Number of protein chains: 2
Amino acid sequence: MAAHDAKEHPPVRFETHPDRYVHWKLDFPAAHGAPQGQVARLAMDVKEDRGMRPGYPLKLNSYDLGVDIELADALQRIRFEHPEVRAVLVTSGKDRIFCSGANIYMLGSSTHAFKVNFCKFTNETRLYLEDMSQASGIHSLAALNGTASGGGYELAIACDEIVLADDGSSAVSLPEAPLLGVLPGTGGLTRLVDKRKIRRDLADVFSTVAEGVRGKRALEWNLVDEAPPRAKFQETVKRRLDALVAKSSRKSHAPVKLGPLEAKRSDKGAEYKYVSLVLDRAARKATLTIRAPKEPQPKTPADLAKIGADAWCIRAWRELDDALLDLRFNEPLIGVVALRTEGDAEAVLAVDRFLSENEDDGLVREVALLIKRVLKRLDMTAKSLFSLAQPGSCFAGSLLELALASDRVYMKDEDGVSLWVSPMNAGPYPMGNGLTRLESRFLADPSKASRVLETQGAIGTLAAQKLGLVTFAPDDIDWDDEIRIAFEERASYSPDAMTGMEASLRYGGPETMETKIFGRLTAWQNWIFQRPNAVGEKGALTLYGKPERPEFDFRRT
Amino acid sequence: MAAHDAKEHPPVRFETHPDRYVHWKLDFPAAHGAPQGQVARLAMDVKEDRGMRPGYPLKLNSYDLGVDIELADALQRIRFEHPEVRAVLVTSGKDRIFCSGANIYMLGSSTHAFKVNFCKFTNETRLYLEDMSQASGIHSLAALNGTASGGGYELAIACDEIVLADDGSSAVSLPEAPLLGVLPGTGGLTRLVDKRKIRRDLADVFSTVAEGVRGKRALEWNLVDEAPPRAKFQETVKRRLDALVAKSSRKSHAPVKLGPLEAKRSDKGAEYKYVSLVLDRAARKATLTIRAPKEPQPKTPADLAKIGADAWCIRAWRELDDALLDLRFNEPLIGVVALRTEGDAEAVLAVDRFLSENEDDGLVREVALLIKRVLKRLDMTAKSLFSLAQPGSCFAGSLLELALASDRVYMKDEDGVSLWVSPMNAGPYPMGNGLTRLESRFLADPSKASRVLETQGAIGTLAAQKLGLVTFAPDDIDWDDEIRIAFEERASYSPDAMTGMEASLRYGGPETMETKIFGRLTAWQNWIFQRPNAVGEKGALTLYGKPERPEFDFRRT
């Protein structure tokens with residue numbers, strides 16, 4: 001089976017649990033002034049010999065995908081399982097080193113596609129850290145009790161605040177360009193100038209000084225927010241955490257345990273409770289079906305708290321998230337994804353009404369934020385997305401977003417095939433560019449978005465076409481052929497051209513720090529990740545840690 | 001000498017003149033309703049056998065760099081030499097074909113660096129076409145008397161309006177992705193969704209239908225502005241040109257002939273009247289010196305019209321533009337450029353006062369727009385830029401922009417070394433992101449930009465440091481060593497990492513259609529231009545026009 005990126009490796013799985021964390025410790029110390037539980041401490045203590053794949057020891061708190069999967073899991077659990085948390089302390093469980101970034105030997109031994117997907121996932125996790133702060137009022141502090149280099153510093157600048165011990169040795173640095181011939185591409189360069197707004201010439205110096213910047217200068221350049229001597233380090237961290245807790249606007253809610261998804265996986269795909277992933281590797285096509293709930297769904301926030309993670313509004317989206325990551329990492333040959341929905345649109349709309357009417361509830365808000373993040377993951381997935389609206393499908397409200405996230409929407413021209421809008425299409429799920437998917441769709445005429453939102457009830461095929469929601473609407477006679485040809489054609493094109501094209505067409509309109517990370521920075525990094533100066537036999541990434549010096553082709557492009 | 005990109009090719013030169021155009025015809029027909037001279041007609045009629053380099057016939061009005069150099073020259077001359085022009089008609093001198101885009105065999109036989117630089121130059125020229133419309137009121141119309149495909153359609157969408165003959169065969173198309181496995185990367189994809197704001201799913205379909213879209217559908221999708229039958233084509237073009245002329249806000253002024261620059265070139269660089277380019281290829285370093293005027297400069301717009309293109313405010317910047325293009329295309333091994341200025345700051349400030357006080361004059365406005373474009377070309381040049389302020393230098397006003405465009409500013413800590421601001425730093429030269437270079441520098445605190453603008457007279461080294469204008473200020477004892485080490489170090493790094501890093505750090509803050517073209521779209525295209533699916537032995541670009549079908553590695557990245 002040639003489906004996996006690196007045949008010798010088992011597929012990557014993204015579910016984990018704090019009980020099984022290898023590299024992170026999540027606890028809720030009382031020590032930090034605030035009542036116990038208000039601060040979640042995430043301490044990175046990477047086990048050298050427990051890398052996700054063999055062949056690279058994870059020295060000096062360097063990370064691989066396995067480390068980052070635990071971090072992503074922890075952030076999700078803090079949101080749902082620990083509603084009392086108002087601030088997150090990100091620190092290191094090791095002495096004198098915070099984190100030395102992505103493991104270079106791991107990068108050097110990974111395929112291009114794995115590197116790109118790894119960076120994308122890591123970027124997403126860091127954006128989730130920022131989203132926790134902005135959207136949920138759970139602020140974060142990076143306590144650098146030792147050097148933070150490369151991805152280690154990139155993790156730190158994804159936090160709201162950074163405290164660096166001024167001890168004559170601890171430094172922050174982005175040594176990727178001078179040492180490895182690649183970029184601090186997991187958000188680093190963009191956050192330097194766009195988030196911390198560091199002067200471009202200082203950012204230039206900082207990004208080319210391999211040994212980094214320490215103490216006072218790091219503070220002067222705004223690379224950190226405070227640089228106390230070691231003796232005052234804990235006290236400073238405590239003071240800042242107290243302040244972050246105090247300013248938190250987090251809404252309390254009942255804790256919701258995120259249970260295992262228990263997907264049934266086979267060579268043909270994965271079957272979840274509400275999501276099916278069916279692979280047709282020969283055709284390079286996958287079909288992803290999301291089903292509406294059949295069971296009664298919560299009508300009040302209290303109901304939701306009781307039903308918990310089995311509620312459709314949590315479970316279906318966690319399943320979709322897992323399936324998307326499965327597709328990205330384990331199914332590189334899949335080029336086109338058919339997005340389907342199945343079931344009772346009214347059931348989906350009822351969920352949306354519940355979410356919309358209770359948007360001020362802390363737990364409901366977290367659910368909407370979860371859906372927002374999963375939809376962004378869909379936008380960012382480098383597969384062609386074709387939505388198929390057919391008899392029995394239910395692209396309604398939150399599920400209509402799947403169609404709006406698609407590169408094309410095929411809607412069968414037949415009675416009873418419909419789309420439905422809900423208040424959830426009007427704002428709660430912005431794309432990375434800050435616009436709703438309807439706004440992004442109708443950049444030329446924003447009133448068209450309003451017109452869609454004003455519709456009541458089922459929108460038939462003809463009406464959906466008039467509203468601009470549909471790309472093609474074949475009738476029963478043409479449907480099968482037209483769909484088959486569309487998928488065959490799409491799957492026949494250069495996958496690189498499709499990735500680059502979709503990255504351009506999906507993000508019309510404004511750019512934000514978030515889209516710049518994926519658009520500008522990632523695209524440049526992807527380019528560099530192909531270049532002999534990085535990954536050739538004599539490239540800097542290849543030769544890192546070896547006695548030989550890299551040899552560069554110095555022609556500038 | 002290994003300096004040139006492709007040793008077998010002579011260096012590329014960018015100066016030309018309508019008398020020597022091979023591929024374009026520039027005239028000023030009376031036929032188009034408006035008084036003769038108000039419409040400039042640019043008719044593309046590419047000579048198959050006159051490609052810039054041997055080996056590819058330029059069939060079907062396809063273009064290479066030589067074709068685009070003529071277009072860039074024509075646009076510049078319309079601005080300066082033809083002040084009566086109020087609209088530009090871009091059309092084809094061939095029957096039934098407008099333009100089939102960049103020549104594929106040329107692309108297939110070019111080095112990666114040449115492809116990238118070629119696309120960048122072509123992008124810049126198209127942005128100049130848009131700048132003519134927005135800033136000078138010279139509007140443009142693409143009259144597609146036949147099919148416009150790929151770069152041909154990209155040229156059309158750089159115009160304000162597009163008229164396509166609806167004749168059953170003429171189409172607009174972007175066949176790059178489906179046919180060649182690359183992107184419509186010379187602005188195409190970005191302009192589709194950002195300029196013409198075409199719905200993303202329709203843009204997706206359009207960009208994957210190799211045969212393109214004709215007549216009514218092209219109009220419905222907003223790919224063109226009007227699609228008359230062939231019998232009404234000329235009449236429609238005339239009507240629209242009349243309207244463009246009527247709405248033009250162009251300010252008339254005396255014509256200014258752009259004479260030849262007459263650079264003295266040697267293996268060591270080029271000597272212009274106000275600009276010196278000195279190459280140290282062994283050190284991968286170039287020194288670019290811009291000298292202040294010594295001769296009396298115009299004091300009134302009438303003076304300027306009389307002195308014409310020999311005035312410093314035109315000549316020095318045309319020379320710098322030429323030197324930058326020389327560096328980009330002919331000196332790929334140069335990695336770092338030292339930017340120096342020399343002469344009397346007061347002379348530069350006097351020019352700036354003249355430009356600022358007469359900003360409403362048509363010719364003065366064109367001069368400021370020229371300087372704006374050259375500075376943008378500098379921002380976009382993929383070489384590290386270090387400005388050196390020393391005794392005798394004159395980084396004043398317009399020349400201070402060179403320092404502000406630099407990745408670093410070194411200023412000698414010595415009495416008499418100064419910087420100076422002028423009103424020209426406050427707005428007339430925005431970067432592609434829409435901000436001034438001062439605003440881009442002080443994203444964290446816009447008041448710092450105001451503080452700089454409020455300074456009067458010479459700003460000494462200490463003051464310049466305090467204002468945030470200087471990266472490093474070594475004194476006389478350290479200067480030589482520090483500068484030497486800085487240049488050596490910079491030149492030793494992976495040139496790819498530097499290009500990607502600078503592309504990120506130079507463009508903090510907002511993105512615009514312009515920066516998206518260079519940042520998002522170009523970066524993706526550069527990536528694709530490296531991929532075996534495009535340029536490998538079995539890649540689509542390599543095999544174009546051959547009987548073999550490309551073979552793709554279908555793993556999605």
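Start by selecting helix α9 (residues 233-247) of chain A: it lies across β2, β4, β7 (139-144) and β9 of chain A, running at about 175 degrees to β7(A). Helices (H or I, at least four residues) and strands (E, at least two) are DSSP runs, numbered from the N terminus. Axes are lines fitted to C-alpha atoms, for helices over the stretch in contact, with angles running from 0 to 180 degrees between N-to-C directions. Contact means heavy atoms within 4.5 Å.

A quick word on what is loaded: this is a predicted model, where local features need pLDDT of at least 70, side-chain atom pairs count only at pLDDT 80 or more, and totals for chains, interfaces and linings use all residues. Residues are numbered from 1 along each chain as its sequence is written, chains are lettered from A and ligands numbered from 1 in the order in which they are written, and side-chain values use heavy atoms, leaving out hydrogens and water.

Next, show the sheet under that helix label set: five strands of chain A form an open, mixed sheet in the order β1-β2-β4-β7-β9. Its edge strands, β1 (24-27) and β9 (161-164) of chain A, each pair on one side only; pairing takes at least two DSSP bridges between two strands. From one strand to the next, the twist averages 20 degrees. Zoom in on β2 (residues 39-44) and β4 (residues 87-92) of chain A, which run parallel and are joined by six bridges. Val39(A) is opposite Ala87(A) there.

Now pick α1 (residues 65-81) and α3 (residues 112-136) of chain A, which pack at about 25 degrees with axes 10 Å apart. That makes α1(A) roughly parallel to α3(A) (angles under 35 degrees count as roughly parallel, over 145 as roughly antiparallel, 65 to 115 as roughly perpendicular and the rest as oblique). The residues of this contact divide into twelve nonpolar, three polar and three charged. Here Ala, Val, Leu, Ile, Met, Phe, Trp, Tyr, Cys and Pro count as nonpolar, Asp, Glu, Lys and Arg as charged, and the others, Gly among them, as polar.

Move on to α11 (residues 312-330) and α13 (residues 362-379) of chain A, whose axes come within 10 Å and cross at roughly 20 degrees. The residues of this contact include Trp317(A) of α11(A) and Val374(A) of α13(A).

Finally, bring in chain B: 87 residues of chain A are in contact with 87 residues of chain B.
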